[in-house]
Amino acid sequence: MFHLTATPASALADEPVHIQATGLHPLQLVTLHASLKDEKGNLFQSRAFYRANQDGELDLKQAPSLGGDYMGVHPMGLFWSLKPEKPFRRLYKREVMKSPFLVTLKLYDSLYIEESPTVQPRACQVVQRWFHRPGTQRVQIREGRLRGALFLPPGEGPFPGILDLFGNVGGLIEYRASLLASHGFAVLALAYFAYEDLPDRLQEVDLEYFEEAANLLLAHPKIQGPGIGVISVSKGAEIALAMACFLKQVAATICINGPNAILDFPLRYKDLVISPIPSSMENMLTDVSGATICLYIKGDTRNKLNQQSVLPIEKAQGQILFIVGENDQALNSRECGTQALERLKSHGRNNGRMLVYPGAGHLLEPPYAPLCYASQTYGHSITLLWGGDPTKHAAAQEHAWGEIRKFFRQHLTQTRSQL
């Protein structure tokens, strides 16, 4: 009898699942298929072809995929290789507290290449992928002009506080914050445009808004001081680096594939205004997929004419970690990180470092999330290319997630017993 197991059947989305099959014929070729639907009904699927061992058993920790959506030994390959049925859809969890993603795993007793209603799987399993640990609290934030969601771990605390910023996607994105809270951090997912009564479009960055968010975190009785951390990606990483430069409340900053200068929109902080480096839209390219490559439209941050827009990273008092995907097709993020570290060194500072991931794209997510190679973003009718090789991108996400938690524990935690 064919038997398919996935252990644990219910777990956090950043935890691995051990997939095994038994009862197969010796050396039998089989197909493993995974599918899920997001909250909008978009279907994501993956498949891989395997051969059972001499005992008619299959263990994805040991057996290589022979083909399908990936090749080689990848125990979580069915998860990170999920692809949208409709092109250019990005998979992410919108509502993180009430329900998990449900991943259906199916075992077919042959090479299942073309979908057919007459071919039925020999075994099935449904895996629950949660985005919070039991006991995690979600607190809606509507204080003054601040809009967001604060995630508090179970327990009395106090916990290290982190601000979570995404990029030009807009709205309120919570899944990274809720997962980090499941690992002992108090995390504020902060919206800064295209949410509730916030501006519909980003026209300038008011750094005092983000300072208010930092102060809100530090004033919370369950959050330990004296400083907070910031985790960020893309446009959010530009804002986070500015926070690190100008706000004394920021003790540890992670910039994922972000610039080292102010781009496209001015940044204001009290009496300071930093003008942006404008983009050169004539340098857009079209990928073979039809998506738009924005890698070459950003202004040159080494150009003397643009130096007034480059962030003074030497003013940062806290630690800074740049996380870079070398196959980023939206921004030359490695060059930006390199320039920032060179500037630090030229001022005798050593409070920054960079992790570089060959083959990784722009949208580095928590582990086992599928690569989003291209998608539409808020306010744009065009599809933007993010880049990334699926296998290398997945490896980068898994490694970087451990480094992210390690970095915040090292630079935010006064007594490690709480984590």
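## Y70 and W80

Both Y70 and W80 are buried. In this predicted model, the two residues form a tilted aromatic pair, with 5.5 Å from centre to centre and 50° between the planes. Y70 belongs to the loop between β7 (67–68) and α1 (77–80), while W80 is in helix α1, so the pair ties together parts that are 10 residues apart in sequence.

The pair of Y70 and W80 is one of 11 aromatic pairs in the structure.

## F185 and F408

A second pair is made by F185 and F408: the ring centres are 6.2 Å apart and the planes stand at 65°, so the pair is edge-to-face. The cut-off that applies here is an angle over 60 degrees. F185 lies in the loop between α2 (175–181) and β14 (186–191), and F408 lies in helix α6 (residues 390–412).

F408 counts as buried because its relative accessibility is 0%.

## Ring cluster

Y192, F193, Y209 and F210 are linked into a cluster by ring pairs.

## Arginines over rings

Two contacts between an arginine and a phenylalanine ring can be described. R129 lies over the face of F79, at 5.1 Å from the centre of the ring. For R176, the charged end sits over the ring of F166, and the distance to the ring centre is 4.1 Å.

Conventions:
Residues are numbered from 1 along each chain as its sequence is written. This is a predicted model: local features need pLDDT of at least 70, side-chain atom pairs count only at pLDDT 80 or more; totals for chains, interfaces and linings use all residues. Side-chain values use heavy atoms; hydrogens and water are left out. Rings of Phe, Tyr and Trp (its six-membered ring) pair if their centres lie within 6.5 Å; planes under 30 degrees apart count as stacked, over 60 as edge-to-face and the rest as tilted. Helices (H or I, at least four residues) and strands (E, at least two) are DSSP runs, numbered from the N terminus. Buried means under 20% relative accessible area, exposed over 50%, partly exposed in between (1.4 Å probe, protein chains only). A charge sits over a ring if NZ of Lys or CZ of Arg is within 6 Å of the ring centre and within 35 degrees of the ring normal.
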